[in-house]
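Here is a friendly briefing to read with the structure open beside you.

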Amino acid sequence: MMRFVRPLIIVAGLVLIWQIIVWLTGAPHFILPAPARVAEAWWTHHATILGHAGVTLLEIALGLLFGALLGTTSALTLAYFRPARRWLLPVLVASQAVPVFALAPILVLWLGYGIASKVAMATLIIYFPVATNFYDGLRRTEPGWADLARTMGASRWTLLTRIRVPAALPALASGLRIATAVAPIGAVVGEWVGASAGLGYLMLHANARVQTGLMFAALLTLAFFAVTIYFIVDTGLRRALPWQPDNLPTEQEE
Amino acid sequence: MLITTLYRVLFPALLVILLGAGSANATDKLTLLLDWFVNPDHAPLFVAQEQGYFAAHGLEVEMIAPADPNDPPKLVAAGKADIALSYQPQLYVQVAAGLPLTRFGTLIATPLNTLLVLADGPIKSIADLKGRKVGFSIGGFEDALLRAMLARHGLTLDDITLINVNFSLSPALLAGHVDAVIGAYRNFELNQMAIEGYQGRAFYVEEEGVPSYDELILVANPEHMDRAVLRRFLDALEDGVRYLINHPEESWQLFIRGRGELDDELNRLAWRDTLARFALRPAALDRARYTRFARFMQEQGLIPEALAVEEYAVVLE
Amino acid sequence: MSNVSLRYEGEYLFKGLDLRLPDGVCSALLGPSGVGKSSLLRLIAGLQPFESGGRVTIGEIEVRSGRKSPANVAYMAQQDLLLPWLDALGNITLGARLRRERPDDARARDLLRQVGLADYERALPATLSGGMRQRVALARTLMEDRPVILMDEPFSALDAITRLRLQELAAKLLRGRTVLLVTHDPLEALRISQRIFIMAGRPAGLSEASSPSGQTPRDPADAALLRQHAELLQRLNAADIDSLSEIGA
């Protein structure tokens, strides 16, 4: 019961703080609208907002899918093929060093103004945390297990698939959690650079028309979906890895 | 006795005069937010700056370039800056949304917006836009412009596909992602394409059914504005325009002085094309012209009602 | 093994070692920490490369350090090395899984029963105590059914009572097998092994101690055992001082 009440209380508290800030700073409505104004804007335009939300959600979902796939295969390749490390690892690092904002216009020019460039942006942003975390996990396998496996006659491939990969799944889960948190950034940045749909586009449009209430409503909707997606992924990951030792005590507490 | 009177009266008087003179000539500071990064559209401001016209009128103007063109009017409305460069069409929407803004001067007295296509492309007239893709960058009222231009040829917005290409208008057109772009400035994008070796054809919005308007205006917050100071600002600005018109080549040198990054071919070509469009009388206001555009905005559904000119524009005496 | 040498960080851990393990009995390898007992064990398991000139053979087959260990050792370490995502049964049958063979669940269940964990077939390692986990590891080692079993201080991480119980269990189940048990606890060596080797010095050498008599597991209260325990302690202490003085401590 408390599990559902707690988030509601947190949200209510945040809204209260927001209102207090508006009262204290006397910020004009076109800079920081009060919660009531934003709620009104949401209600008036909820059909439009939800329509655009669908587009952004699709971008995030596809980005997560491709980013996770690419990330896991890269990590596996790095772990299994020694020469790959020399060539692929710098590319991996470079992929994160370049700020996404700089790549966005190029991606849009290559992939057009449709959903492809947004998915590409999200994929790019997701790729690095997934790949590095999984690779780290694969590298840090308990050495005793490798010894044991070798005495039992396991090949390098079996060692990878039966021991290293399952052992690295918690690390992969960490990477996926980070990826879920940053996926919306990729999608929205892509929309800012060139899109005709999506919550990022809607925010820009509302801003240009001085519809600050609508802009905040779209922003909050995005935040809500981002948090929900994270929660779903996190719960899914915890269910999928029941053998993680630190899981059990907290489950017993709840 | 005479000497003591001299000392007791003259010297203090001198002191007061000197100090008083200082405070009378104390410079008034103004923050001016440009509409975008520094470009030839801002020429008169920089000429006034470099030629010392602002200083001669007792002004110290700090010019700041924002990254987001939507910010300056909001910041002026919020009291964070004195003057913003903004766009006449936006002004109606902003005032209707409750922002305390008023236009007190004009910088560029003609529209700069065009519908741009490739000269050797399939679009020879606006009617050819039927079934085509038009690129735009979010400014807030590009669909209103298009609606007016298309209506003249019996078309509606449903006959075209609008694609948001954000600020890369020319690349989108050149790459063939879109057949036409709206929001391209006649002094910029046309030259940009020419430099790349492409010939563009421009449809001027004011020739295609949109009432004429001022592309760049000066806005201030009516609740905070110091009318006397802003009048001096306009006087200095007018001096800048005058010098610019009379000495364009010297003015260019003033523009790029200390700002080497502005000295490139695009800016030079744009400079030449913008010269004829600056408001020669920045303070002047044509009320009927502003009212006409207000009615246009209302017909396009961008504002609920056309307000009286006094609500959003002022003439400083 | 004959003439086996191993270096660690430039210095010889041991040089020119010769050792013959008796067949079918449990031999203990005693020695102070750091002398190289574990390295020797890993060497025999094929996990540690050693200098050329040395030979290690198990039965007819020569041990070469490489990817694939010879198929005739089973290895049990101080940590249970149970895979946390497999249940007890899955861990016991790990060898078969790694070799892509069909696991013999019936035999695995039997072994589980023999170590006293019949009801814990589906338990995940995180829910088992240290002693229970080591018992599963023991079952896993036995499941491998290899001619030689190598154990590296398998009970030292457990508390005294659990250790005692597991020593008895191991003695019972390992009867008749060739086992090399590395331990630092002379009492453990006396309780469950038939031959005791002492490794000491730097570079280390092997010497044999008097073999205890009687059926394993031996009663720790036995007078003869306690006497031998005292002797061993003295010998180990002396050996330790020697090696310390050699290092120049």
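## Domains of chain B

Chain B is divided by its domain assignment into domain 1 (27-110 + 214-311) and domain 2 (113-207), with bounds that come from an automatic or database domain assignment. Please keep in mind that this is a predicted model, in which local features need pLDDT of at least 70 and side-chain atom pairs count only at pLDDT 80 or more, while totals for chains, interfaces and linings use all residues. Residues are numbered from 1 along each chain as its sequence is written, and chains are lettered from A and ligands numbered from 1 in the order in which they are written.

- Taken over C-alpha atoms, the centres of domain 1 and domain 2 of chain B are 26 Å apart.
- Eleven residues from domain 1 of chain B and eleven residues from domain 2 of chain B make up the contact between them; two residues are in contact if their C-beta atoms, placed from the backbone, lie within 7 Å.
- On the domain 1 side, helix 5 (88-96) and helix 11 (265-274) of chain B each supply at least two residues. Helices (H or I, at least four residues) and strands (E, at least two) are DSSP runs, numbered from the N terminus.
- Helix 11 of chain B gives the largest share of that domain 1 side, six residues.
- That side of domain 1 of chain B divides into six nonpolar, three polar and two charged residues. Here Ala, Val, Leu, Ile, Met, Phe, Trp, Tyr, Cys and Pro count as nonpolar, Asp, Glu, Lys and Arg as charged, and the others, Gly among them, as polar.

**Confidence in chain B**

- The mean pLDDT of chain B is 90, and 92% of its residues reach 70 or more; pLDDT is the predictor's confidence in each residue, from 0 to 100.
- Over residues 20-24 of chain B, pLDDT stays under 50, and the model has zero contacts beyond four places in sequence for them.

**Chain A and chain C as folds**

- Chain A has ten helices and zero strands, and its pattern along the sequence reads α-α-α-α-α-α-α-α-α-α.
- The C-alpha trace of chain A spans about 70 × 50 × 30 Å along its principal axes.
- Of the 254 residues in chain A, 40% are buried. A residue is buried if 20 or more other C-beta atoms lie within 10 Å of its own, exposed if 12 or fewer, and partly exposed in between, with C-beta atoms placed from the backbone.
- In chain A, 78% of the contacts with a separation of 6 or more join residues 24 or more positions apart.
- Chain C has eight helices and ten strands, and 40% of its 249 residues count as buried.
- For chain C, residues 24 or more positions apart account for 69% of the contacts with a separation of 6 or more.

**Where chain A meets its partners**

- The contact between chains A and B takes 20 residues from chain A and 21 residues from chain B.
- Helix 4 (100-111), helix 7 (156-193) and helix 8 (199-208) of chain A each give two or more residues to the side that touches chain B, and the largest share, five residues, comes from helix 8 of chain A.
- By class, this side of chain A has 13 nonpolar, six polar and one charged residues.
- Toward chain C, 18 residues from chain A meet 24 residues from chain C.
- Helix 6 (143-151) and helix 7 of chain A are the elements that give two or more residues to the side touching chain C, with helix 6 of chain A giving the most, seven residues.
- The side of chain A that touches chain C has ten nonpolar, four polar and four charged residues.

**Nonpolar cores**

- In soluble globular proteins, nonpolar side chains tend to be buried together.
- The largest nonpolar core has 145 residues, and A:Met121, A:Ile126, A:Ala218, B:Val76, B:Tyr92, B:Ala180 and B:Val181 touch the most other members. A nonpolar core is a set of buried Ala, Val, Leu, Ile, Met, Phe, Trp, Tyr and Cys residues joined through C-beta atoms within 7 Å.
- Helix 5 (residues 115-139) of chain A gives the largest share of this core, 15 residues.
- At least three residues of this core come from each of domain 1 and domain 2 of chain B.
- A second, separate core of 60 residues includes C:Leu30, C:Val73, C:Leu169 and C:Val182.

**A closer look at B:Asp128**

- B:Asp128 lies in the loop between strand 5 (113-118) and strand 6 (133-136) of chain B.
- B:Asp128 counts as partly exposed because 16 other C-beta atoms lie within 10 Å.
- Leaving out residues up to four places away in sequence, B:Asp128 touches B:Pro122 and B:Ile123.
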